[in-house]
Amino acid sequence: MDTKIERKNYLLFGSIEATWGIFTVVNTYFPVLLQAGRPGYDVSGTAGIAGFGISTGMLALIATAGNIIGMLAQPLFGAIGSLAASRKKLVMRMMLLLAASLALTAWLSQTVQSGARTAAPLIGVILLWYCIQITWASSLAVSGGIAYTFSPPELRTRMNSVIMFIGGAGNILINAAANATYVLGFSGPLLISAAIAALIGLGYLFVDEPVTQAKKQAVRIKSLILTPLRELAGMEAHALRFVLLSVSVKLLGLFGIMGFTTYQSSYFLNDLGIPPDKSAILFAIYFLGYIVMAPFVGKIAGKIGEKLTCGIGLVLMAFYGVALMFFMRDFMSISLLVPIIGMGNVMLDVCVPTLAMYYVSDPGQVAVIFPVMLAISKLTSIISVPLFAVMISVSGGYSALFPVLAIMPILGFIPLAGLKGK
């Protein structure tokens, strides 16, 4: 394989992975925008953010609906991508739509009066949030399908390690840029994220896409929905087993943190007095640990295997819940400890897809099954976000969530034990 082409593709695949930074920005500021103005919700540490004053339960419903929409979009667009003449153009269009959605949300946020549940702006913000979910999740799914057909199975761990390093570095840069523009209010981070999304989308046109036979035919939506199910049904038993067990490892490993992300900025603001711009810095520090570890994960997995590397990742993810219970009390203590969680996250991000796709070699199956795998992983948020909302409401605080963040990754060792020989 041409080294220049490989490096260029890895850079562009990594740029899509870096859009997790945009997702982080959205999850940092959207909950504050939606909840600010509610009685007892302290926004004294914010840069003049007004909001709609909705309850934690309503936020959970809105966020869960968005997660479900994102989950359904991934296999759907994975199937569309498998039939497209050019998947990279599909990614480009999704990224430009993402940019437009972010820019429109920034504009709408300027029309909000604190605590005023004006129907039109609120509905507009929610619909745009869902559009952001669809376009972002679809871009990840289709780009991942291209990456896995570009790289042979024996090189996928190495490829993942490089892509996650680039993605983590980009994530930090996006969060830093968002934090720098927070002086403009809520719209600043969204507008800079929109500009970055547009640049990434246009740059993606330079990907050297693997040659596939496009199926140029009229396709019904029903057929697109059934395509992933057919591909799964057509897999050999041991391959399907590896997919399901591997995804279960990641689902349990990230269950707590994916659910807590929706409420994290609110917890930092209300309980610890950390404003949203500093929460964004903490996300960046989290990904500092992510990118520091990313280049070494491939080498570690090469020596001890993906399975054991995932086990280490699960232990580090469980440490987050323990740290929240006993050690994380202010900005400094969180800053010192969150990089450890980032290291655990990247171990799972690099090794779980490699394990899941280990016996999948058919390009058509790769293009469809990778998005299905992402969609199943999305169940973490769909289940944990409403569950955590109930726990917060019943307990009257966020601390009830911390034991769950510690226990769920440990349960990930059960499906991990079923992955024989890796």
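L202 is partly exposed, with a relative accessible area of 44%. Here buried means under 20% relative accessible area, exposed over 50%, and partly exposed in between, with a 1.4 Å probe and protein chains only. The model is predicted: local features need pLDDT of at least 70, side-chain atom pairs count only at pLDDT 80 or more, and totals for chains, interfaces and linings use all residues. Residues are numbered from 1 along each chain as its sequence is written, and side-chain values use heavy atoms, with hydrogens and water left out.

L202 lies in helix α7 (residues 187-203). Helices are DSSP runs of H or I with at least four residues, strands are runs of E with at least two, and both are numbered from the N terminus. Together with L96, L205 and F206, L202 makes a nonpolar surface patch of about 360 Å². Residues in a patch have over 30% relative accessible area and no salt bridge; nonpolar side chains (Val, Leu, Ile, Met, Phe, Trp, Tyr) are joined within 5 Å, like charges within 9 Å.

The chain as a whole is helical in its assigned elements, with 17 helices and 0 strands. Of its 422 residues, 61% are buried. The accessible surface comes to about 16300 Å², and 69% of this surface belongs to carbon and sulfur atoms. Accessible areas come from the Shrake-Rupley method with a 1.4 Å probe; for residues, only the protein chains shown count as cover.

Two helices were compared with their expected span, which is 1.5 Å times one less than the number of residues. Helix α2 (residues 20-35) has 16 residues and should span 22 Å; its end C-alpha atoms are 23 Å apart, which agrees. Of the 16 residues of α2, 15 are buried, so this helix is largely enclosed by the rest of the structure. Helix α15 (residues 379-395) has 17 residues and should span 24 Å; its end C-alpha atoms are 24 Å apart, in agreement. Buried residues in α15 are T380, S381, I382, S384, V385, F388, A389 and I392. An α-helix has 3.6 residues a turn, so residues three or four places apart point the same way. Just after α15, G396 takes a positive phi of about 80°.

A search of the whole structure finds 2 salt bridges. A salt bridge is a side-chain nitrogen of Lys or Arg within 4 Å of a carboxyl oxygen of Asp or Glu. One joins D208 to K8, with the closest N and O atoms 2.5 Å apart. This pair links distant parts of the chain: D208 sits in the loop between α7 and α8 (221-233), K8 in helix α1 (residues 3-17), and 200 residues separate them. D208 is partly exposed at 31% relative accessibility. K8 is also partly exposed, at 32%. In another salt bridge, the side chains of K250 and D349 meet at 3.0 Å, N to O. This pair, too, links distant parts of the chain, with K250 in helix α9 (residues 237-253) and D349 in helix α13, 99 residues apart. K250 counts as buried at 14% relative accessibility. D349 counts as buried at 9%.

Helix α13 (residues 331-356) also holds G344. G344 is buried, with a relative accessible area of 0%. The C-alpha atoms of G344 and C310 are separated by 8.2 Å, although the two residues are 34 apart along the chain. Leaving aside neighbours within four places in sequence, G344 is in contact with G313, L316 and M317.

T105 is placed in helix α4 (residues 87-109). T105 counts as buried, at 0% relative accessibility. A polar atom of the T105 side chain lies 2.8 Å from the backbone oxygen of S101. Not counting residues up to four places away in sequence, T105 touches F30, L128, I132 and L190.

D277 is found in helix α11 (residues 276-304). D277 and A178 are 99 residues apart in sequence, yet 8.2 Å apart in space, C-alpha to C-alpha. Beyond its neighbours within four places in sequence, D277 is in contact with Y29, N179 and Y182.

Conventions:
Polar contact = N/O pair within 3.5 Å; in protein donor to acceptor, adjacent residues only side chain to side chain. Contact = heavy atoms within 4.5 Å.
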